[in-house]
Amino acid sequence: MDILLLILGFSCIITGLFGSFLPVLPGPSVSWVGLALLYFTKAVPANYWILGIALLITVVISVLDYVIPAKGTKRFGGSSYGIWGTNIGLVIGILAPIPFGFLIGPFVGALIGELIYDFKDHNRALKAAAGSFVGFLASSFMKFVVCVMYLGLFLWIVWQYKSELF
């Protein structure tokens, strides 16, 4: 049973890492679940401080995940069309067989979204697309750093209790 929880927890941590860039997966939340699953094993005693602080960080990051791209887009004069375009462009960029699609897709998506919003002002659309893209990169990087920290914490705890787990 402990091995199953360990494997499931590690799978959640890795899924959370991917989720830090994919808009359909809540990366830090999934990684936190993986960390919590580790504490459900009989070998690892519950540490509510670690889980509580990690949960607080997850909640703050989840809120900021919505605020940062919107602020980046608004700061550069964009609209909600640019935000939606960024997310749609990311999904298409990941699925498209082009190099660096996950970087090109959000920018092109934001640009198309802004052009749909206001087709006549190309400069504003380009500036807003850049703002949406910068907001997306900042938000994704922040989530990725948190997920990597959770992975490190997970591995450290597993290493500490390896004799009891295996």
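Modeller: Let us begin with helix H5, whose buried residues pack against H3, helix H4 (80-95) and helix H6 (122-160). Contact here means heavy atoms within 4.5 Å. The model is predicted, so local features need pLDDT of at least 70 and side-chain atom pairs count only at pLDDT 80 or more, while totals for chains, interfaces and linings use all residues. Residues are numbered from 1 along each chain as its sequence is written, and side-chain values use heavy atoms, with hydrogens and water left out.

Biologist: Which residues of H5 are buried?

Modeller: A residue is buried under 20% relative accessible area, exposed over 50% and partly exposed in between, for a 1.4 Å probe and protein chains only. In H5 the buried residues are Gly101, Gly105, Pro106, Gly109, Ala110, Gly113, Glu114 and Leu115. An α-helix has 3.6 residues a turn, so residues three or four places apart point the same way.

Biologist: What span does helix H5 reach from its first C-alpha to its last?

Modeller: The expected span of a helix is 1.5 Å times one less than its number of residues. Helix H5 (residues 101-117) has 17 residues and reaches 23 Å, close to the 24 Å expected.

Biologist: How many helices and strands does the chain have?

Modeller: Helices (H or I, at least four residues) and strands (E, at least two) are DSSP runs, numbered from the N terminus. This chain has seven helices and zero strands, giving the pattern α-α-α-α-α-α-α along the sequence. Its C-alpha trace spans about 65 × 35 × 15 Å along the principal axes. Of the 166 residues in the chain, 41% are buried.

Biologist: At what angle do the axes of H2 and H3 cross?

Modeller: Axes are lines fitted to C-alpha atoms, for helices over the stretch in contact, and angles run from 0 to 180 degrees between N-to-C directions. Angles under 35 degrees count as roughly parallel, over 145 as roughly antiparallel, 65 to 115 as roughly perpendicular and the rest as oblique. The axes of helix H2 (residues 27-39) and helix H3 (residues 48-75) cross at roughly 170 degrees and come within 9 Å, so H2 is roughly antiparallel to H3. Among the residues making this contact are Trp32 and Tyr39 of H2 and Leu51 and Ile61 of H3.

Biologist: How do the residues of that contact divide?

Modeller: Ala, Val, Leu, Ile, Met, Phe, Trp, Tyr, Cys and Pro count as nonpolar, Asp, Glu, Lys and Arg as charged, and the others, Gly among them, as polar. For H2 with H3 there are ten nonpolar, three polar and no charged residues.

Biologist: Where does H3 stand relative to H6?

Modeller: The axes of H3 and H6 come within 7 Å and cross at roughly 170 degrees, so H3 is roughly antiparallel to H6. Their contact includes Asp65 of H3 and Lys143 of H6, and its residues divide into 14 nonpolar, seven polar and two charged.

Biologist: How many disulfides does the count come to?

Modeller: A disulfide is a covalent bond between the sulfur atoms of two cysteines. The rule applied is a pair of cysteine sulfur atoms within 2.5 Å, and the count comes to zero. Cys12 is in no disulfide, as the nearest cysteine sulfur, that of Cys147, is 11 Å away. Cys12 is buried at 16% relative accessibility, and Cys147 is buried at 0%.

Biologist: Is Phe10 buried, partly exposed or exposed?

Modeller: Phe10, in helix H1 (residues 2-19), is partly exposed, with a relative accessible area of 34%. Leaving aside neighbours within four places in sequence, Phe10 is in contact with Leu151, Phe154 and Leu155.
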